[in-house]
Amino acid sequence: MAGSYRGCAMTTIRDALAQYVAVRRALGTQFREPALTLAHFVDLLEREEAEFITINLALRWAMERKGVQRATWARRLTMVRGFASWLSVFDPRTEVPPKRLLHARHRRNKPHIFTDLEIERLMIEAARLPSPTGLRALTHVTFIGLLAATGLRPGEALALDLSDVDLQNGILAIRQTKFGKSRFVPIKDSTCVALAQYVQRRNQLCPPPQTERFLVSERGARLHGCVARGTFARLSREIGLRKAAEGRRIGRGPRLQDLRHTFATRKLIEWYRAGLDVGRELPKLATYLGHVDVGHTYWYIEAVPELLQLATEQMSGRQPGGLP
């Protein structure tokens, strides 16, 4: 394979990327975002007429986005490292970026806990999205509402097929998600009604869709995560939750994942205020959220000041919000 790069480098590397993506997915990962991101890296190799991956090109590409955290650069370079490491087995000219070349200490972002008003304003703004048929606006409103009502990971909601949504029994089937786990998520009657209305309206606006996915784009295709995240960031900026940034940058602020954090935090606050033994209840929430370790669920107590205060009051024998 090594010799075949000369004279037809880019076709071969792009084909190699397709093989690499296929291998990773065969191992049980969805690999959607890395596949799209690495395709942009191959675009750079094409522009530079490079015959093989070099550390300099990988580093330049990883750092080309301005106004982002160093952790974003490190994550992009990690994607290239995985691809280059695999490719080097077939072409020894491939340079594999060393680990920690763009090392960034992992620091979990402090969650933004949305208020009911903020969620309502996000959905109102989503309903105003430009859309020839109205489907784009409808889908983003439903997407935001679904995350707020269920605490699903954004990727889990986007991966739902029509067959995964049982509105008669109020059950969502979450299949082979993060860590390869599957689970069933019960939903409230009001959520079922909203989802049923979405399906009915969606089928009227786009008969028939081009995909089995539940949430679809304006054209009836699968709604990609990068599109959903970018749209949400712009909606957040429109209602003042993100500061305006120069050019096409969307700035920093609340993320889609924070709707999941909000759901979990509200459930914990509800339990504390009801006087329940949260330590005993926590494994239930961990299972519902799809956490492999209940310690991941405990993180909310440390990350949200109100929860930490409620936990302290419960341990000291005080009534939550009451006097000693």
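A: Start with the residues around the space. His140, Phe143, Ile144, Ala228, Thr231, Phe232, Leu235 and Leu256 line the largest cavity. Two elements each give two or more residues to this lining: α6 (135-150) and α9 (225-238). The largest share comes from α9, with four residues. Now sort the lining by class. Six of the lining residues are nonpolar and two are polar. None is charged.

Keep in mind that this is a predicted model. How is such a space found? Rolling a probe the size of a water molecule over the atoms shows where empty space is left. Here, the structure holds one cavity of 30 Å³ or more. The space in the largest cavity is about 30 Å³.

Leu256 is one of the lining residues. Check its length.

Now ask how enclosed α10 is. Buried here means under 20% relative accessible area. Of the 17 residues in α10, 12 are buried, so the helix is largely enclosed by the rest of the structure. The buried residues include Asp258, Arg260 and His261. Leu259, Phe263, Leu268, Ile269, Trp271 and Tyr272 are also among them. Thr262, Ala264 and Thr265 complete the list.

What follows the helix? Gly275 comes after α10, and its phi is positive, near 75°.

Terms used: Residues are numbered from 1 along each chain as its sequence is written. This is a predicted model: local features need pLDDT of at least 70, side-chain atom pairs count only at pLDDT 80 or more; totals for chains, interfaces and linings use all residues. Side-chain values use heavy atoms; hydrogens and water are left out. On a 1 Å grid over the protein atoms alone, a cavity is a set of points where a 1.4 Å probe fits but cannot get out, and a pocket is an open set with protein on both sides within 12 Å along at least five of seven lines; lining residues have an atom within 4 Å of a point. Grid points are joined across faces, edges and corners, and a volume is the space filled by probe spheres set on the points. Ala, Val, Leu, Ile, Met, Phe, Trp, Tyr, Cys and Pro count as nonpolar, Asp, Glu, Lys and Arg as charged, and the others, Gly among them, as polar. Buried means under 20% relative accessible area, exposed over 50%, partly exposed in between (1.4 Å probe, protein chains only).
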